[in-house]
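Me: I am learning to read protein structures, and I would like to go through one slowly. Could you help me with the terms as they come up?

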Amino acid sequence: MYRCTVAELPARLAARGYGSAHYSIGVPRRNAVCIQQVGDAWVVCPKFEGHMTAVGRFDDEREACQYVFRLINDEEYRAGPDGAKANRVLQEYFARDRVPVEERIRAFGVGTAHYSIGEIRDSAWCLVKEDGRWLVFYLRNGKRTSRSDYRWDFAAAEAAFPLRIKRWRDQALARGVPAEALAADR
């Protein structure tokens, strides 16, 4: 079936239309399936509304990834009887439109360690909806820099996000940051 390593998991999920809003690698996150290494074992757990429940412990990394893929693909991890969780509009966006944005960013050679869609994360470019407004910014030490407010125009925010990241990447390369560091996933 879909046996892969943690490093291969994001590409496998993206190929099926699932962006990183659906999962987290190494760091538990609200409303996402998390896979993390604990000692010599791999633990898989969904996190809903701030509570984590371990649903699988695996000695084999590939078995753990297969389980994550199955949980997400079969949507067994969803909280509600109708499959609903979190913000329905954002969930539909993540499932339908997010992957092409991520593909554009990856094409620039920038990995998921440096950007986040739908959640605020330090040391990363963020595209989030707050108080009905779409914001793009870089979060450094808890402070928002290079902030742009696209009000209610999601299309403009979505179009600007990869371009801001590309400009940031070009500046980082000019400062001597290795391309491998920019391509890192979290």
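Reply: Strands are DSSP runs (E, at least two residues), numbered from the N terminus, and two strands pair if DSSP finds at least two bridges between them. This is a predicted model, in which local features need pLDDT of at least 70 and side-chain atom pairs count only at pLDDT 80 or more, while totals for chains, interfaces and linings use all residues. Residues are numbered from 1 along each chain as its sequence is written, and side-chain values use heavy atoms, with hydrogens and water left out.

Me: How many bridges join E6 to strand E7, and which residue in E7 is the bridge partner of Ser-116?

Reply: Strand E7 covers residues 124–130 and runs parallel to E6, to which three bridges join it. For Ser-116, the bridge partner in E7 is Cys-126.

Me: Which strands stand at the edges of the sheet?

Reply: The open sheet has four strands in the order E6-E7-E8-E9, with mixed pairing. An edge strand has a single partner strand, so one side of it is left without a neighbour in the sheet, and this holds for E6 (115–117) and E9 (143–149).

Me: Which residue in the turn of the hairpin formed by E8 and E9 has a positive phi?

Reply: Strand E8 (residues 133–140) runs antiparallel to E9, and five bridges join the two. Between these strands of the hairpin lie two residues, and the one in the turn with a positive phi, of about 50 degrees, is Asn-141.

Me: How many disulfides does the structure hold?

Reply: A disulfide here is a pair of cysteine sulfur atoms within 2.5 Å. For Cys-4 the nearest cysteine sulfur, that of Cys-65, is 4.7 Å away, and Cys-4 is buried (under 20% relative accessible area, where exposed is over 50% and partly exposed lies in between, with a 1.4 Å probe and protein chains only), at a relative accessible area of 1%. Cys-45 is likewise in no disulfide, with the sulfur of Cys-34 as its nearest at 4.7 Å. The number of disulfides in the structure is zero.

Me: How much space lies in the largest cavity?

Reply: A cavity is a set of points, on a 1 Å grid over the protein atoms alone, where a 1.4 Å probe fits but cannot get out, and lining residues have an atom within 4 Å of a point. Grid points are joined across faces, edges and corners, and a volume is the space filled by probe spheres set on the points. The lining of the largest cavity includes Pro-10, Tyr-23 and Arg-186, and strand E1 (residues 23–25) gives the largest share of it, three residues. The space in the largest cavity is about 60 Å³.

Technical notes
On a 1 Å grid over the protein atoms alone, a cavity is a set of points where a 1.4 Å probe fits but cannot get out, and a pocket is an open set with protein on both sides within 12 Å along at least five of seven lines; lining residues have an atom within 4 Å of a point.
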